[in-house]
2 protein chains.
Amino acid sequence: MDVINIQQKLSLFNDTWTPKVISKVDGHQIYLAKLDGDFIWHQHDDQDEMFLVIEGTLNLEFRDREVTLNAGEMIVVPKGVEHRPHTSEGCSVMIIEDASTDHTGGIDDPLRKENHDHI
Amino acid sequence: MDVINIQQKLSLFNDTWTPKVISKVDGHQIYLAKLDGDFIWHQHDDQDEMFLVIEGTLNLEFRDREVTLNAGEMIVVPKGVEHRPHTSEGCSVMIIEDASTDHTGGIDDPLRKENHDHI
């Protein structure tokens, strides 16, 4: 039961699109990730996904619209909703989702990671 | 599926120890709360509880120690662990916990709220 300093944790890595586990609340994992450029279209059929922007700007494209989140802004993408994260300037985000969630929604892609490091 | 600006949501209320629901990720509710002074000793037998400090300083007392969290710091209090939040200067926090969680752990106290507003 440690106090987690988000900036200190962010200083431990620079790789992008590789969520790092920092804690867990019941069955939901809490990740930090650095994002830069474009991710792939995907959806999580059975899990909601919360994004909280810590630094920078995150764009989330949906099939019918796009939203922009700045630092201090968050959104919950409901289960089953296709989305594509992308960011031209880069950003750092906290992500909270059920630990069973596959970050590409199961899509085989060079960006997909089988496992996530704990930091 | 709205973008939620945390500072804008915090500007909507001033009452303390009354968590406001801002969103939900699966069965876990996401709250904002303003805290000032002392809360009561309690525990949640079956639910973990995540605290993320947005502004100010939060002290969490446990039976064997005490921790201090500043803005940008978080902790997950595991289920079954007695804790007492208190803060002399006041703070604003995000709390994430299963929607079934009773914020006083079921203890009848003047600070206990039966229901939580959605903002």
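1. Start where the two chains pair. Ile4(A) stands opposite Met74(B), a residue of strand β6(B). Strand β1 of chain A, residues 4–5, is joined to β6(B) by two bridges. The two strands run antiparallel. Keep in mind that this is a predicted model.

2. Next, the wider contact between the chains. On chain B, 26 residues are in contact with 26 residues of chain A. Several elements of chain B give two or more residues to this side: β1 (4–5), α1 (6–10), β2 (20–25), β5 (66–70), β6 (73–77) and β7 (84–98). The largest share comes from β6(B), with five residues. That is the strand that also holds Met74(B), opposite Ile4(A). By class, the side of chain B that touches chain A has 14 nonpolar residues, along with six polar and six charged ones.

3. How are the two copies related?

4. Now chain A on its own. Chain A has one helix and seven strands. Along the sequence, the order is β-α-β-β-β-β-β-β. The radius of gyration of chain A is 13 Å, close to the 14 Å that the globule rule gives for 119 residues, so chain A is as compact as a globular protein of that length. The C-alpha trace of chain A spans about 40 × 30 × 25 Å along its principal axes.

5. Burial and contact range in chain A deserve a look. Of its 119 residues, 37% count as buried. Take the contacts in chain A between residues at least 6 apart in sequence: 66% of these join residues at least 24 apart.

6. The largest nonpolar core has 54 residues. Which residues have the most contacts inside this core? They are Phe51(A), Val93(A), Phe51(B) and Val93(B). Leaving aside neighbours within four places in sequence, Val93(A) is in contact with Ala33(A), Leu35(A), Phe51(A), Leu52(A), Val53(A), Ile54(A) and Leu58(A). As a general point, nonpolar side chains tend to be buried together in soluble globular proteins.

7. In chain B, look at Ile95(B). Its place is in strand β7 of chain B. Is Ile95(B) buried or exposed? Ile95(B) counts as buried, because it has 20 C-beta neighbours inside 10 Å. Not counting residues up to four places away in sequence, Ile95(B) touches Pro19(B), Tyr31(B), Ala33(B), Glu49(B), Met50(B) and Phe51(B). One of these, Phe51(B), is among the residues with the most contacts inside the largest nonpolar core. Leu10(B) is 85 residues from Ile95(B) along the chain, and their C-alpha atoms are separated by 13 Å.

8. Last, a hairpin in chain B. Strands β4(B) and β5(B) form the hairpin, with four residues between them. Strand β4(B) covers residues 49–61 and pairs with β5(B) in the antiparallel sense over five bridges. Within this pairing, Asn59(B) has Thr68(B) in β5(B) as its bridge partner. Strand β5(B) is also one of the elements that give two or more residues to the side touching chain A.

Note on methods
Residues numbered from 1 in each chain as written. Chains lettered and ligands numbered in written order. Predicted model: local features only at pLDDT ≥ 70, side-chain atom pairs only at ≥ 80, totals over all residues. Contact = placed C-beta atoms within 7 Å. Nonpolar A, V, L, I, M, F, W, Y, C, P; charged D, E, K, R; others polar. Pairing = 2+ DSSP bridges. Buried ≥ 20, exposed ≤ 12 C-beta atoms within 10 Å, placed from the backbone. Core = buried A, V, L, I, M, F, W, Y, C linked by C-beta atoms within 7 Å. Rg over C-alpha atoms; globule rule 2.2 N^0.38 Å.
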